[in-house]
Amino acid sequence: MPHRPVLLVPDASWFAGPAVIDSIHGARHNARVSLLVQLLARHHGLDHDSALALAAAAACHDGHRHHDRDDRGHGRRAAGWRASPSPEATTFSWKASSAPSGTTL
């Protein structure tokens with residue numbers, strides 16, 4: 001039986017600034033994308049570890065936006081942050097839980 005998707009809510013410290021956390025590309029958006037990527041991974045037959053790796057990338061993909069408009073380079077900044085040796089980027093402090101039915105993100 002496949003694993004249930006895990007809801008990964010990124011920590012506030014992952015974001016470029018406080019205004020972005022609750023924006024359209026903020027924590028809730030990143031959590032939704034991390035959940036959806038796991039469902040797509042399952043549909044395409046990826047193993048659980050691969051699905052979680054994709055979910056981790058999805059959970060931080062918009063974290064280094066400066067604003068919600070056309071922010072060119074935000075993906076590169078997020079990838080650079082994740083690849084950096086900083087404690088924030090290497091210590092995953094997200095909230096991991098199975099998404100209860102009826103959860104709205």
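In helix H3 of this predicted model, the buried residues are Ala51, Ala55, Ala56, Ala58, Ala59 and Cys60. The elements that cover these buried residues include strand S1, helix H2, which runs over residues 27–43, and helix H4, which runs over residues 74–83. An α-helix has 3.6 residues a turn, so residues three or four places apart point the same way.

Helix H3 itself comprises residues 48–60, and its length can be checked against expectation: at 1.5 Å a residue, the 13 residues of H3 should span 18 Å, and because the end C-alpha atoms are 19 Å apart, the two values agree. The N-terminal end of H3 is capped by Asp47, of which a side-chain oxygen lies 3.1 Å from the backbone nitrogen of Asp49.

Ala59 belongs to H3, and this residue counts as buried because its relative accessible area is 1%, where the cut-off for buried is under 20%. Pro5, by contrast, is found in the segment before strand S1, which covers residues 6–9; Pro5 is also buried, since its relative accessible area is 16% and buried means under 20%.

Each of these two residues can also be paired with another residue of the chain, as the table sets out.

| Pair | Separation in sequence | C-alpha to C-alpha distance |
|---|---|---|
| Ala59 and Asn30 | 29 residues | 4.7 Å |
| Pro5 and Ala41 | 36 residues | 10.0 Å |

Definitions and conventions: Residues are numbered from 1 along each chain as its sequence is written. This is a predicted model: local features need pLDDT of at least 70, side-chain atom pairs count only at pLDDT 80 or more; totals for chains, interfaces and linings use all residues. Side-chain values use heavy atoms; hydrogens and water are left out. Helices (H or I, at least four residues) and strands (E, at least two) are DSSP runs, numbered from the N terminus. Buried means under 20% relative accessible area, exposed over 50%, partly exposed in between (1.4 Å probe, protein chains only). The expected span of a helix is 1.5 Å times one less than its number of residues. Contact means heavy atoms within 4.5 Å. A polar contact is a pair of N or O atoms within 3.5 Å; within protein, one must be able to donate a hydrogen and the other to accept it, and residues adjacent in sequence count only if both atoms are side-chain atoms.
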